[in-house]
Amino acid sequence: MTAPKIRLQGVRKKFGAKVVLDGVDLDVMAGESVVIIGGSGSGKSVTLKCILGLMTPDAGEIAIDGEPVIGVGGRERERINAKIGMLFQSAALFDSLTVWENAAFGLIAGKGMSRREARPVAMEMLARVGLDAKFAMMSPADLSGGMRKRVGLARAIAIEPEILFFDEPTTGIDPIMGDIINELIVKCTEETGATALTITHDMASARKISDRIAMLYKGKIVWAGPTGEIDRADNGIVQQFINGRAEGPIEIDVRRL
Amino acid sequence: MTAVQTIGRVFLAFLELVGQVTMFTLVAVSHCLRPPFYFRLIGRQMMEIGYYSLPVIALTTLFAGMVLALQSYTGFQRNSVGAESAIAEIVVLSITRELGPVLAGLMVAARVGSSIAAEIGTMRVTEQIDALVTLSTNPFKFLVAPRVIAGVATLPLLIVIGDIIGVFGGYIVSIYRLGFNPTLYLKTSWDKLFAEDVITGLVKAAVFGFIITLMGCYQGYNSRGGAQGVGAATINSVVSSSILILILNYLISAMFFGT
Ligand SMILES: Nc1ncnc2c1ncn2[C@@H]1O[C@H](COP(=O)(O)OP(=O)(O)OP(=O)(O)O)[C@@H](O)[C@H]1O
Ligand SMILES: [Mg+2]
């Protein structure tokens, strides 16, 4: 059996006294699309940031293509991250650059392509995510949330990464645009054969884009299985989450009225 | 016991801060010296820091030179022997050695340091810096190095221009207000000015350019907590670079002119 594309073992991370990740174990195989679901503040974004080296876990191991990546910095980290494209929760577009320069960023700054060479590739990526060429010269600040997400997606796929991370791709946009984004994600991962790791609390999106779902709760993966089996999952926490019920085993940090 | 603990804690926090700034400085400098260089970005920052600061610096040094001539004259009238050449000398030396670099440094700290801190701080809190990392781009190389290089390179130029305008300010007041002889004024200014004076000013300028851009980048890079955090970073960058400018100005003067 080949090594998983991404492997997390016993990953722990706490901020001060607050334990966010408490031993996360997760394997993502090459070409697979895995979705992590979990409530707000359960540490989903922190998990991705640990894999990308934006945060250093307190304990545990993370490997990409069998290669340990925790604590790796400098050029090595750039080489590893060159395999990964990431769509940020808030798109995180560079607002000092135009839309096309954003889409071309990974090609120009990361891969050293010239602006002249990168521009047509960026335009093609923008077309692929359904953005008209007339937006290319605009500033990202002048776009709507859904359009920003699509530019973020174009920027992530432009470098043809082997791995794609999506942080809440459908949050904060209308259901129709959300579904368009879902379809784009499915299309992009299928066309490029990339491995995808998505985090979301939007169940409709999770079902549409995933091969496998893992549920993060209290810093651990409490359930993981094929998407088709989630409705039959013998797990109270999963059942409560996917059915969106207020009552159940999930403890929430809010005072009930 | 508690007082000692508090002092200890403040002292440790201070040491930690010094350590952090030192680390940041070392990494920043190493990226300024190592290729690749983003010339396009350095050029853009030179425009931003140098060219657009020109009007502010011109006004500041012009009026500094003018008021200097006026006040020295008031002082000299009471026991006036050779006021003409003395005033020219006072203006040219004060401007090139001290006032030019310090006033220009403080103005640039307010104008450029704050905008650097706000821009990089916003990029931090909106995850744009994280996005850079995921796109295999080192934020030090891409954000910090171009600004620091541009700061060190352009401030000396700005200050040469500021010096000239400052001396010109003194000239205007001396000739048109105090009725001095223009040829004698310019000749004295030129004769009393030594290379050493100009060089000190330029060394100061380069150091201030480094401090301003570095503090702006440091505060922005480490800002957290949304818009409020960015506001705090902006203030801190201006305050810390202004204080450092005044302290370093004294130290550099003491080094060059101290006996
Ligand atoms: N840099 C940080 N410093 C301190 N605490 C942090 C930091 N980053 C995240 N946290 C904490 O970690 C917890 C998990 O945050 P995270 O962003 O991973 O949540 P999430 O699962 O992505 O939630 P959401 O669905 O709302 O995005 C939060 O309670 C947050 O307060
Ligand atoms: Mg999140």
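Predicted model: local features only at pLDDT ≥ 70, side-chain atom pairs only at ≥ 80, totals over all residues.

**The A–B interface**

I found one salt bridge across the interface of chain A and chain B. Its partners are Lys49(A) and Glu127(B), with their closest N and O atoms 3.1 Å apart.

Which elements of chain A give two or more residues to the side that touches chain B? I noted α1 (44-52), α2 (74-81), β6 (84-87) and α4 (105-110). Of these, α4(A) gives the most, with four residues. Sorting the residues on that side of chain A by type, I got 12 nonpolar, six polar and six charged.

Next I wanted the extent of the interface. The size of an interface is often given as the accessible area lost when the parts come together. Here chain A and chain B bury about 1800 Å² between them, and 55% of that is on carbon and sulfur atoms. I also checked who contributes on the chain A side: Glu78(A), Phe94(A) and Phe105(A) supply 23% of the area that chain A buries against chain B, more than any other three residues. In terms of contacts, 24 residues of chain A meet 20 residues of chain B.

**A glutamate in a loop**

My next stop was Glu32(A), which sits in the loop between β2 (18-28) and β3 (33-37) of chain A. Is Glu32(A) buried or exposed? I put Glu32(A) down as buried, because its relative accessible area is 13% and the cut-off for buried is under 20%. The Glu32(A) side chain makes a polar contact with the side chain of Arg212(A), at 2.5 Å. Beyond its neighbours within four places in sequence, Glu32(A) is in contact with Asp27(A), Ala194(A), Thr195(A), Ala196(A), Asp211(A) and Arg212(A).

**Around ligand 1**

Last, I turned to the ligand. There are 15 residues around ligand 1, and those that come nearest are Lys18(A), Gly41(A), Lys44(A), Ser45(A) and Glu168(A). For Lys18(A), I noted 2.5 Å between an N or O atom of its side chain and an oxygen atom of ligand 1.

Technical notes. Residues numbered from 1 in each chain as written. Chains lettered and ligands numbered in written order. Heavy atoms only, no water. Contact = heavy atoms within 4.5 Å. Buried area = accessible area lost by both parts, 1.4 Å probe. Salt bridge = Lys/Arg side-chain N within 4 Å of Asp/Glu carboxyl O. Nonpolar A, V, L, I, M, F, W, Y, C, P; charged D, E, K, R; others polar. Buried < 20%, exposed > 50% of the residue type's maximum accessible area, 1.4 Å probe, protein only. Polar contact = N/O pair within 3.5 Å; in protein donor to acceptor, adjacent residues only side chain to side chain. Near = heavy atom within 4 Å.
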